[in-house]
Amino acid sequence: MTHPSRPFSSRTPEKSPESNALCEWFKILQDSPGIRAELRRAKNINAAYFCQGFYMLWSRLRSVDCKIKDENIAAIAVLLCHVKSDVPGPTDSSKKGAALQMATPRTGSSPVVSPARFRKLLLQHDKENAVRHCIRLVKILGGNVDIVSLAWAFANWNEGARTKWAMAYYSTVDSKELD
């Protein structure tokens, strides 16, 4: 059983029942453009409660005894409906794969997501604002991101998750880019 405030943490996230349920939901979401569009139109996290896609994710996570708060499941649903494809990071970076993807240079030495944009995300303590900022970053990544890493971060959007992401991002970014 997973601790209520630390979902995905009892095992390696990509091998957990929670992660499997999330990935199954994501595949269904990709094959259901109407359900995905309904979630994309949600103006905020609370609006997700009125969307079928939220309930599909909620029921899948509850079926594996996942104790993530409903608000966090709604945030995850709103965020992941903007992802086009799941691009898992290395298995040793499962909780910070998305942050590593944001720091990886697309061409040249500049990270895909600039340090200023990434810092702006990390400064968001309010989950609603953090989701909105992260949606922008998912779009910068072309919609290709590690969904388990994103879900883990937004199920645990606290100082610990932000610190893990900061450490992953800034240890990858060339120090010249930080000036």
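This is a predicted model: local features need pLDDT of at least 70, side-chain atom pairs count only at pLDDT 80 or more; totals for chains, interfaces and linings use all residues.
Reader: What makes the pair F54 and Y55 edge-to-face?

Author: Eight aromatic pairs are counted in the model. In the pair of F54 and Y55 the ring centres are 4.8 Å apart and the planes stand at 75°. Centres within 6.5 Å make a pair, and planes over 60 degrees apart make it edge-to-face, so F54 and Y55 are edge-to-face.

Reader: Why is F54 called buried?

Author: F54 has a relative accessibility of 2%. Buried means under 20%, so F54 counts as buried.

Reader: Why does Y55 count as partly exposed?

Author: The relative accessibility of Y55 is 43%.

Reader: Why is the pair of F118 and W165 called stacked?

Author: The ring centres of F118 and W165 are 6.4 Å apart, and their planes are at 20°. The centres have to lie within 6.5 Å and the planes under 30 degrees apart, so this pair is stacked.

Reader: Where in the chain do F118 and W165 lie?

Author: F118 is in helix α6 (residues 115-122) and W165 is in helix α9 (residues 159-172).

Reader: What does F154 touch, apart from residues up to four places away in sequence?

Author: F154 touches N72, I76, L79, K127, A130, V131 and C134. F154 is also among the residues that touch the most other members of the largest nonpolar core, which has 59 residues. Others in that group include L22, W25 and W165.

Reader: How do you know that the span of helix α3 agrees with its number of residues?

Author: Helix α3 (residues 52-63) has twelve residues. The expected span is 1.5 Å times one less than the number of residues, which for α3 comes to 16 Å. The end C-alpha atoms of α3 are 16 Å apart, so the two agree.

Reader: Which residues of α3 are buried?

Author: In α3, the buried residues are G53, F54, M56, L57 and L61.

Reader: Why are the buried residues of α3 said to line one face of the helix?

Author: Viewed down the axis of α3, the buried residues fall within an arc of 165°. They therefore line one face of the helix. Their cover includes α1 (17-30), α2 (33-40) and α4 (70-80).

Reader: Why is D65 called partly exposed?

Author: D65 has a relative accessible area of 32%. Under 20% would be buried and over 50% exposed, so D65 is partly exposed.

Reader: What makes the contact of K67 with D65 a salt bridge?

Author: The closest N and O atoms of K67 and D65 are 2.8 Å apart. A salt bridge needs a side-chain nitrogen of Lys or Arg within 4 Å of a carboxyl oxygen of Asp or Glu, and K67 and D65 form one. K67 is partly exposed, at 35% relative accessibility.

Reader: How many salt bridges does the whole structure hold?

Author: The search finds five salt bridges. Among them, D70 and R62 meet at 2.7 Å, N to O. D70 is partly exposed at 34%, and R62 is partly exposed at 29%. Another joins K27 and D31, with the closest N and O atoms 3.3 Å apart.

Reader: Why are K27 and D31 called exposed?

Author: The relative accessible area of K27 is 53% and that of D31 is 54%. Exposed means over 50%, so K27 is exposed, and so is D31.

Reader: Is H133 buried or exposed?

Author: H133 has a relative accessible area of 14%. The limit for buried is under 20%, so H133 is buried. H133 lies in helix α7. Leaving aside neighbours within four places in sequence, H133 is in contact with K120, L121 and Q124.

Reader: Is K139 buried or exposed?

Author: K139, found in helix α7 (residues 127-140), has a relative accessible area of 51%. Exposed means over 50%, so K139 is exposed. The C-alpha atoms of K139 and H82 are separated by 7.6 Å, although the two residues are 57 residues apart along the chain.

Key: Residues are numbered from 1 along each chain as its sequence is written. Side-chain values use heavy atoms; hydrogens and water are left out. Rings of Phe, Tyr and Trp (its six-membered ring) pair if their centres lie within 6.5 Å; planes under 30 degrees apart count as stacked, over 60 as edge-to-face and the rest as tilted. Buried means under 20% relative accessible area, exposed over 50%, partly exposed in between (1.4 Å probe, protein chains only). Helices (H or I, at least four residues) and strands (E, at least two) are DSSP runs, numbered from the N terminus. The arc is that of the directions from the helix axis to the C-beta atoms. Contact means heavy atoms within 4.5 Å. A nonpolar core is a set of buried Ala, Val, Leu, Ile, Met, Phe, Trp, Tyr and Cys residues joined through side-chain atoms within 4.5 Å.
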